[in-house]
2 protein chains.
Amino acid sequence: MVKLQEKESTISDSEWEAMRIIWTLEPVSSTKIIQELQAKKNWSESTIKTLLRRLVKKNLLSTKKEGRRFVYTAKVNQTQVMAEAAQELLNRMCDMHKGEVLLQLIANSPISKSDLSKIKEIIATKEKDAPYMVPCNCLPGNEKMC
Amino acid sequence: MVKLQEKESTISDSEWEAMRIIWTLEPVSSTKIIQELQAKKNWSESTIKTLLRRLVKKNLLSTKKEGRRFVYTAKVNQTQVMAEAAQELLNRMCDMHKGEVLLQLIANSPISKSDLSKIKEIIATKEKDAPYMVPCNCLPGNEKMC
DNA sequence: CATCAAAGTTTACAAATGTAAATTTAAAGT
DNA sequence: ACTTTAAATTTACATTTGTAAACTTTGATG
């Protein structure tokens with residue numbers, strides 16, 4: 001039996017910044033990435049190269065040598081990685097307050113008309129058998145209302 | 001001028017686990033926290049004490065000595081901390097895909113009837129002047145559609 | 001082909017985190 | 001008061017992350 005997915009590597013804050021550039025411009029050269037990132041962050045060339053190498057090692061980027069420089073491409077889908085990261089965060093939190101949290105996120109995020117109507121749809125679906133209260137699940141045994 | 005909030009300290013994964021117990025049971029003794037956490041995680045007593053001490057240092061918990069043990073209380077509001085953490089995560093991500101991400105979060109989270117209807121309300125409000133598309137904001141200068 | 005400059009690789013180092021053993025302190029019982 | 005021992009504090013150590021200097025390689029150019 002072969003170990004396929006070694007537990008999806010986490011993306012650190014700085015790495016995330018680099019990934020965004022790559023997702024937007026891929027396939028993109030190291031030089032271009034450095035240029036774009038330096039327009040935003042006070043990072044040395046060296047720092048950015050380190051980030052890129054770590055991302056390759058984490059298997060989130062693939063590279064192809066082109067002349068003297070590398071060209072990077074993302075190996076993972078942006079929206080999916082975003083959703084996974086957000087989901088993982090929520091998974092570590094108390095069920096009881098997720099509704100309120102999502103409420104705030106929606107209020108503070110720019111959302112397109114089409115996404116809004118999709119959201120309306122799931123809301124409608126969920127409403128059918130939504131509970132009156134979502135119990136706290138912070139304790140191991142008894143899920144008590146906290 | 002006084003520096004009031006020194007940049008709210010981040011809560012690490014393990015620390016989060018401890019905070020959940022405390023938010024649920026506060027005021028709660030070290031002993032009880034250790035007992036509850038060990039019912040969930042394979043952590044030594046020592047490890048848990050370290051977590052608690054770090055949380056106190058981060059100013060997220062306050063303590064009161066009671067007999068031979070400490071009693072802990074959270075100094076921060078759970079829902080608020082949850083919302084802030086989630087918001088900060090989203091802030092580091094591409095605007096263009098936040099709608100889709102929220103869609104998935106809503107689909108996968110247990111939400112009460114009342115929270116659902118509150119969400120419906122903001123959705124309705126937002127729909128009025130929602131854009132047809134939310135542009136990608138991953139590059140420093142030109143916000144291009146990616 | 002020799003040299004330079006750009007790009008990549010190594011090494012570095014402090015802070016934060018996960019995890020815990022060893023040691024000290026002090027409450028409680030005798 | 002003295003001992004026991006639960007609880008707190010110190011010390012520890014590896015890994016990840018943020019950040020970067022130093023060094024090496026290699027494509028390009030004279």
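Colleague: Before we start, what counts as a helix or a strand here?
Modeller: Helices (H or I, at least four residues) and strands (E, at least two) are DSSP runs, numbered from the N terminus. Keep in mind that this is a predicted model.

Colleague: Thanks! Which elements supply the surface near DNA strand D?
Modeller: From chain A, helix H1 (13–25) and helix H3 (45–57) each supply at least two residues.

Colleague: What part of DNA strand D is within 4 Å of the protein, sugar or phosphate, or bases?
Modeller: Both: 60% of those atoms belong to sugar or phosphate, and the rest to bases. For instance, a backbone N or O atom of Ser14(A) lies 3.3 Å from a phosphate oxygen. A polar side-chain atom of Thr31(B) also lies 3.3 Å from a phosphate oxygen, while one of Arg68(B) lies 3.1 Å from a sugar or linking oxygen.

Colleague: New topic: how can chain B be laid on chain A?
Modeller: Turn it by 180 degrees with a shift of 0.0 Å along the axis, and the RMSD is 0.1 Å. That is the relation of a two-fold axis.

Colleague: Why do you say the copies meet through the same surface?
Modeller: Because 100% of the interface residues of chain B are also interface residues in chain A.

Conventions. Residues are numbered from 1 along each chain as its sequence is written. Chains are lettered from A and ligands numbered from 1 in the order in which they are written. This is a predicted model: local features need pLDDT of at least 70, side-chain atom pairs count only at pLDDT 80 or more; totals for chains, interfaces and linings use all residues. Side-chain values use heavy atoms; hydrogens and water are left out. Copies are superposed by least squares on the C-alpha atoms of residues with pLDDT of at least 70 in both. Contact means heavy atoms within 4.5 Å. A residue is near a molecule or strand if one of its heavy atoms lies within 4 Å of it. A polar contact is a pair of N or O atoms within 3.5 Å; within protein, one must be able to donate a hydrogen and the other to accept it, and residues adjacent in sequence count only if both atoms are side-chain atoms.
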